[in-house]
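Subject: Structure handover

Hello,

I am passing on the structure we spoke about. Please have a look at it; my notes on what was found come after it.

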Amino acid sequence: MAATAREDGARSRQRGQRGCEHYDRGCLLKAPCCDKLYTCRLCHDNNEDHQLDRFKVKEVQCINCEKIQHAQQTCEECSTLFGEYYCNICHLFDKDKKQYHCENCGICRIGPKEDFFHCLKCNLCLAMNLQGKHKCIENVSRQNCPICLEDIHTSRVVAHVLPCGHLLHRTCYEEMLKEGYRCPLCMHSALDMTRYWRQLDDEVAQTPMPSEYQNMTVDILCNDCTILLKLEDVEFHWITSDPFTLHCQTQHFLIHKWHSLAFCCHHVS
């Protein structure tokens, strides 16, 4: 039976081969959903048309003696260590990365535990340096990443907390910065733009507008502070006429209306 299960779920594996691209472990999980053997839930999900529920795993197979047994940290037959770290709730086996199980998150996190706290409103473990210094959004980690549309809460990819409180996968955040600097959900600045705004101010000061445009004003809506500046407040300038660059002090704006024209510009998404 063990050979049949191995053939179904781990055909390319050799006896004694340890772990996969996701985890370093000395056992295979017996999937309760299909009775196939896989190194981890991710390997299972990548090869099957259904997902493995990690919490329902009851049995594992040792990679050395191939004995199928109850999920535990050490093989009862040959004493093979299945994982330096083992969680008997998530059935996570891996090398020691200072992992800990967070009861509020319901899953294991990479620590050390003392470097993190669980925000009850965000329902997520965050770094201690964010305690009292982040914007809370209820159950924010239960939303999918707005860039790749994949799950954030159970993802192995580190989440990046934006100043607005929304979350992105760290890799998605880094890719986003190659194209823009705004949160894709609320359009708030995703990082400190102060230096860029000062650079624009310098360019505007050094580039006077032609006389026929000097009295043109615009209505603009600030995405960071959500304040609408009226006509008399903001003078039009071609350098900052692009919706990506309109700003006031350290804030980011979108064009609301060009006063000297007979139409309103669309907000840029």
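Phe117 stands opposite Leu126 in strand 10. The model is predicted: local features need pLDDT of at least 70 and side-chain atom pairs count only at pLDDT 80 or more, while totals for chains, interfaces and linings use all residues. Residues are numbered from 1 along each chain as its sequence is written, and side-chain values use heavy atoms, with hydrogens and water left out.

Strand 9 (residues 116-119) pairs with strand 10 (residues 124-127) in the antiparallel sense, over four bridges. Here two strands count as paired if DSSP finds at least two bridges between them.

Strand 1 (residues 27-30) runs antiparallel to strand 3 (residues 59-62), and three bridges join them. Within this pairing, Cys27 has Cys62 as its bridge partner in strand 3, and Leu28 has Gln61. Strand 1 also pairs with strand 2, in the antiparallel sense and over two bridges; there, Lys30 has Leu37 of strand 2 as its bridge partner. Strands 1 and 2 form a hairpin with six residues between them, and Asp35 in the turn has a positive phi of about 65 degrees.

Both faces of strand 1 are covered. Cys27 and Leu29 are buried on one side, as are Leu28 and Lys30 on the other. Buried means under 20% relative accessible area, exposed over 50%, and partly exposed in between (1.4 Å probe, protein chains only).

For the protein as a whole, there are four helices and 16 strands. These are DSSP runs numbered from the N terminus: helices are H or I with at least four residues, strands are E with at least two. Of the 269 residues, 42% are buried. Among contacts (heavy atoms within 4.5 Å) with a separation of 6 or more, 39% are between residues 24 or more positions apart. The accessible surface comes to about 15,400 Å², and 48% of that belongs to carbon and sulfur atoms. Accessible areas come from the Shrake-Rupley method with a 1.4 Å probe; for residues, only the protein chains shown count as cover.

Regards
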